[in-house]
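User: Hey, I've got this model open and could use a quick tour. Can you walk me through it?

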Amino acid sequence: MHSPELLHYYPKFHSMDSYMIRLSIPFTYNHKCYLFANQKLRRHFTSFNFRLQSRKNSTSDAKEFDESAFEAERLRLDAKARESMAQISKTMTETTAEAEADPKAWKWVIRKRIWDLMEAQNIAQNPRPVHNRIPNFVGASSAAKKLSELEAFVMANCVKVNPDSPQKQVRFLTLSDGKKLLTPQPRLRTGFFSILESSMLTPSTINEACTSVGVAKYGRPIGLDEKIKVDVIVIGSVAVDPKTGARLGKGEGFAELEYGMLRYMGAIDDSTPVVTSVHDCQIVDDIPVEKLLVHDVPVDIICTPTQVIFTNRTIPKPQGIYWDKLSPEKLGQIRILRELKSRIEQETGQKLPCGPSEKLPPTAQRRRRRS
């Protein structure tokens with residue numbers, strides 16, 4: 001084993017008596033040297049255990065994960081999705097026979113009102129415009145700080161946080177506090193969830209790990225068989241009603257799908273608090289509870305830059321995936337959903353129902369890799 005020129009010691013977050021050693025140059029593994037190094041170092045650090053984590057060389061890593069290509073493709077698909085969602089929004093907010101016949105048209109009226117207001121009053125923050133997004137807002141970090149002071153968050157070991165911009169600081173506070181961060185792949189297009197832990201990161205990479213690229217680089221992807229308990233769910237919103245806990249997202253339904261799959265895994269239950277961070281202008285009082293759908297996820301706590309609101313939630317939380325509401329198009333876009341459906345059908349011996357067809361934004365189209 002070549003002698004490394006530098007050894008960098010990084011204390012793990014909130015654990016000053018254990019250390020991670022990172023070799024700053026590539027080296028060739030030799031089992032005798034490995035044993036010698038382990039014994040040598042443990043003479044000085046009684047609790048020390050020298051471990052090697054298997055990793056391919058930097059050249060193959062670069063081939064496996066190209067940051068620029070990943071981000072370019074993500075932005076391209078996001079742009080196509082927003083363009084399609086804008087068309088749907090325009091149709092639903094106009095007085096047309098199609099809008100009047102759609103049971104979800106009223107949601108788009110409220111969404112557009114909030115998006116327009118945030119842009120007009122310059123409450124919106126990048127990425128802009130905030131239309132057809134979970135909108136980023138002035139004071140998002142202040143709202144995140146209030147969220148991090150909640151007893152439920154302080155006591156949590158694992159927190160599920162959505163991947164949107166206004167919750168980036170929540171993701172950072174989750175990791176910097178030594179908690180597990182569970183976050184979905186954007187629009188579930190490339191997989192399912194990834195887990196990140198502070199022990200996987202260094203002080204210089206923790207901020208990057210809170211981005212989509214960072215999750216892809218540093219996160220550990222999980223599957224449906226992962227045994228995990230989520231203590232708090234943080235969810236993005238376009239509008240929320242504190243009187244009932246009713247919530248509107250950006251209109252694609254991914255938060256509901258993520259929630260339903262976590263219920264199937266046994267990772268959450270009715271008692272798992274659902275928290276959202278929004279600007280005060282996103283608090284509304286005109287979401288008609290009677291028009292909400294069975295899979296709509298309500299919130300228990302609302303954190304804004306100025307206040308924390310414990311909602312008087314009366315809306316029941318979803319119990320899983322409602323397959324009779326799930327369109328063939330949505331199912332076709334998301335591989336993990338098809339895997340789950342197939343598994344349940346094999347376990348029960350019964351074919352699950354399918355919802356009506358719908359026109360969807362092309363969020364999950366992916367170019368085939370060249371062999």
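Predicted model: local features only at pLDDT ≥ 70, side-chain atom pairs only at ≥ 80, totals over all residues.

User: Where is Asn-132 found?

Analyst: Asn-132 is in the loop between helix 5 and helix 6. Its phi is positive, about 65°, although Asn-132 is not a glycine.

User: And Asn-122, what's its phi like?

Analyst: Asn-122 has a positive phi too, of about 60°, and is not a glycine either. The loop between helix 5 and helix 6 is also the place of Asn-122.

User: OK, zooming out. How many helices and strands in the protein chain?

Analyst: There are 12 helices and 12 strands. The protein chain has 371 residues, and 47% of them count as buried. If you take contacts between residues at least 6 apart in sequence, 65% join residues at least 24 apart.

User: What's the strand order in the open sheet?

Analyst: The order is 6-5-4-3-7-10-11-12, eight strands with mixed pairing. Strand 6 (220-222) and strand 12 (308-310) are at the edges with a single partner strand each, so one side of each has no neighbour in the sheet. From one strand to the next, the twist averages 25°.

User: Which strands does helix 8 touch on that sheet?

Analyst: Helix 8 packs on the sheet against strand 3, strand 4 (180-184), strand 5 (193-196), strand 7 and strand 10 (274-277). The direction of helix 8 makes about 150° with that of strand 4.

User: Let's stay with strand 3. In which sense does it pair with strand 7?

Analyst: Parallel: strand 3 (residues 158-161) and strand 7 (residues 232-235) pair over three bridges. In that pairing, Lys-160 stands opposite Ile-233. Strand 3 also runs parallel to strand 4, again joined by three bridges, and there Cys-158 stands opposite Lys-180.

User: And what about the faces of strand 3, which residues are on each side?

Analyst: Cys-158 and Lys-160 are on one side, Val-159 and Val-161 on the other. These residues are all buried, and both faces of strand 3 are covered.

User: Back to helix 8. Which of its residues are buried?

Analyst: Val-170, Arg-171, Leu-173, Thr-174 and Leu-175. After helix 8 comes Gly-178, with a positive phi near 80°.

User: At what angle do helix 6 and helix 8 pack?

Analyst: Helix 6 (residues 140-148) and helix 8 (residues 168-176) pack at about 40°, and their axes are 8 Å apart. Helix 6 and helix 8 are therefore oblique to each other. The crossing is right-handed.

User: Which residues make that contact?

Analyst: On helix 6 you have Ser-141, Ala-144, Lys-145, Leu-147 and Ser-148, and on helix 8 Gln-169, Val-170 and Leu-173. Sorted by class, the contact of helix 6 with helix 8 has four nonpolar, three polar and one charged residues.

User: Now helix 10 and helix 12. How do they cross?

Analyst: The axes of helix 10 (residues 254-265) and helix 12 (residues 335-348) come within 12 Å and cross at roughly 35°. Their crossing is left-handed. Helix 10 contributes Leu-257, Met-261 and Tyr-264, and helix 12 contributes Ile-336, Leu-337, Leu-340, Arg-343, Ile-344 and Glu-347. By class, the contact of helix 10 with helix 12 has seven nonpolar, no polar and two charged residues.

User: Last one: where is Ile-302 found?

Analyst: Ile-302 is in strand 11 (residues 301-303). It is buried, with 0% relative accessible area.

User: And what does Ile-302 touch?

Analyst: Leaving out residues up to four places away in sequence, Ile-302 touches Val-240, Asp-241, Pro-242, Thr-276, Val-278, Gln-307, Val-308, Ile-309 and Thr-311. Pro-242 is 60 residues from Ile-302 along the chain, yet their C-alpha atoms are separated by 7.4 Å.

Conventions: Residues numbered from 1 in each chain as written. Heavy atoms only, no water. Axes fitted to C-alpha atoms, helices over the stretch in contact; angles between N-to-C directions. Helix = DSSP H or I, 4+ residues; strand = E, 2+ residues; numbered from the N terminus. Parallel < 35°, antiparallel > 145°, perpendicular 65-115°, else oblique. Left-handed = near helix turned anticlockwise from the far one by under 90°. Contact = heavy atoms within 4.5 Å. Nonpolar A, V, L, I, M, F, W, Y, C, P; charged D, E, K, R; others polar. Pairing = 2+ DSSP bridges. Buried < 20%, exposed > 50% of the residue type's maximum accessible area, 1.4 Å probe, protein only.
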